[in-house]
Amino acid sequence: GMARVARALFDEMPVRDEVSWSTVVGGYVKEGELDVALAVFRDMVEKGVRVNEAAVVTALSAAAQLGLLEHGRFVHQVVHQEGMPISVNVGAAMVDMYAKCGCVALAREVFDGMPRRDVFAWNAMICGLAAHGLGQDAVELFELFLGEGLSPTNITFVGVLNACSRFGLVAEGRRYFELMAEKYCVEPEMEHYGCMVDLLGRAGLVQEAIELIEGMPIAPDPVLWGTVLSACKKHGLVDLGVKVGNKLIELEPAHDGNYVLLASIYAKAKKWDEVREVRKLMSSRGTSKSAGWSLMEAQGNVHKFLVGDMDHKDSVQIYNMLDMINRRLADAGYVPDVSSVLHDIGDEEKVHAIKVHSERLAIAYGFIVTEVGNPIRIVKNLQVCGDCHEFSKMVTKVFNREIIVRDGSRFHHMKEGKCSCLDYW
């Protein structure tokens, strides 16, 4: 954990081989300094040091976690140029990288081309398909995996249950959840229960989700109750949502997301006094809403946008572009949905608040720097709000552009006014 000391020693070395370079790349990845790890890997390549498998796998992991396709492609290109064989480890890392960077078709291409695949490669592909909303494809691949005589791990079941959740495959999800322990001796862990609660909650079976939590042999973590709270918001279950929300705030008084979800349930029901009480409680406990941000790559650089951001060097161009997009969308019939704004303010002010969300600024910048015909790729830290989702779909229809968003929950592939999530997220 002493990354600075390790780096200082590394910088002092008179001769550095691929082992010392790959150790530094791996060290930064372990410390979560992913952008630094990728910069060291690039420096290693530029200095003519032959990369080894460890450096490649860790660099691919860093690109995957950040969701930055250009960086991931650079690592793949180095593998190709150096004539490295696509080993089981490199192949699995490449599948994971392309899936997490929004290129699920390329992930599948790498997966299908691997001479040998271990359970990690299968898991990466199944989980990747699930994250992209390709539930049926993930389930079919899982069945193929079983047909190969391989034994599923707990991660395999996380992937297939997540796929069922994303695609609304309730019967299949129930069946796989039962098969885990009965046939494959994989005891359900918190993540598996989370997938099942999510599956049932999304399908409107909120009471069944609560019964599942209450019958768990292990103590449920607050995330499961947070998933139920999200389902209450989605299905307009105000009374149940208030009950669950207050329970969550007792369990996790410092977690901002619980207050925000409870406030949004009250806001949806137009109970503004209650919204104010939740916000007051949040403030008195020293918690504040996590700032939403959006990232995008352009010309080798990573650009980060916050809500209402004015710090970007091209801010004037970005806002001018956003104004043009807004005018064209209004002419096409787009009307903002302000239900996600947690303030009792006039609709005009709410529209303004939504208009400067971080992904809209990223989309406007994408119009400036991304060639027509290429998708605009965005990575978000939070789940996309309902109105920004509609806005983005409308952009793809009016301007004939493709937008790919990786939010805190899943991927959204938007094209011709439609999204891969089928508005089920």
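Trainee: Which residues are linked with Asp-11 in a network of salt bridges?
Mentor: Arg-7 and Arg-16 are linked with Asp-11 in that network. Keep in mind that this is a predicted model.

Trainee: How many salt bridges does the structure hold?
Mentor: The count is 15.

Trainee: Take Arg-50. Which side chain does it meet in a salt bridge?
Mentor: Arg-50 meets Glu-82, at 3.3 Å from N to O. The pair links distant parts of the chain, 32 residues apart. Arg-50 sits in the loop between α3 (34–46) and α4 (53–66), and Glu-82 in the loop between α5 (69–81) and α6 (88–100).

Trainee: Is Glu-82 buried or partly exposed?
Mentor: Partly exposed, because its relative accessibility is 22% and buried means under 20%.

Trainee: What about Arg-175, which partner does its side chain have in a salt bridge?
Mentor: Glu-143, with 3.8 Å between N and O.

Trainee: Which residue does Asp-43 meet in a salt bridge?
Mentor: Lys-47, and their side chains are 2.9 Å apart, N to O. Asp-43 has a relative accessible area of 24%, so it is partly exposed.

Trainee: Switching to cavities. How many of 30 Å³ or more are there?
Mentor: One. The largest cavity has a volume of about 40 Å³.

Trainee: What lines the largest cavity?
Mentor: Leu-38, Phe-41, Arg-42, His-71, Phe-74 and Val-75. The elements giving two or more residues to that lining are α3 and α5.

Trainee: Now the strands. How do β1 and β2 run, and how many bridges join them?
Mentor: They run antiparallel, with six bridges between β1 (residues 293–298) and β2 (residues 301–306).

Trainee: Which residue in β2 is the bridge partner of Glu-297?
Mentor: That partner is Val-302.

Trainee: What is there to say about Gln-299 in the hairpin?
Mentor: Gln-299 takes a positive phi near 50 degrees. The hairpin of β1 and β2 has two residues between the strands.

Trainee: Where is Gly-417?
Mentor: Gly-417 is in the loop between β5 (411–415) and β6 (418–419). Its relative accessibility is 24%, so Gly-417 counts as partly exposed.

Trainee: How far is Gly-417 from Lys-397, in sequence and in space?
Mentor: The two are 20 residues apart in sequence, while their C-alpha atoms are 4.4 Å apart in space.

Trainee: Last topic, the surface. Which residues form a nonpolar patch with Val-5?
Mentor: Met-2 and Leu-9 form that patch with Val-5, and the accessible area of the three together is about 320 Å².

Trainee: Which helix holds Val-5, and why does Val-5 count as partly exposed?
Mentor: Val-5 is in helix α1 (residues 3–12). Val-5 counts as partly exposed because its relative accessible area is 43%, and partly exposed covers the range between buried, under 20%, and exposed, over 50%.

Conventions:
Residues are numbered from 1 along each chain as its sequence is written. This is a predicted model: local features need pLDDT of at least 70, side-chain atom pairs count only at pLDDT 80 or more; totals for chains, interfaces and linings use all residues. Side-chain values use heavy atoms; hydrogens and water are left out. Patches are made of residues with over 30% relative accessible area and no salt bridge: like charges are joined within 9 Å, nonpolar side chains (Val, Leu, Ile, Met, Phe, Trp, Tyr) within 5 Å. Accessible areas come from the Shrake-Rupley method with a 1.4 Å probe; for residues, only the protein chains shown count as cover. A salt bridge is a side-chain nitrogen of Lys or Arg within 4 Å of a carboxyl oxygen of Asp or Glu. Helices (H or I, at least four residues) and strands (E, at least two) are DSSP runs, numbered from the N terminus. Buried means under 20% relative accessible area, exposed over 50%, partly exposed in between (1.4 Å probe, protein chains only). Two strands pair if DSSP finds at least two bridges between them. On a 1 Å grid over the protein atoms alone, a cavity is a set of points where a 1.4 Å probe fits but cannot get out, and a pocket is an open set with protein on both sides within 12 Å along at least five of seven lines; lining residues have an atom within 4 Å of a point. Grid points are joined across faces, edges and corners, and a volume is the space filled by probe spheres set on the points.
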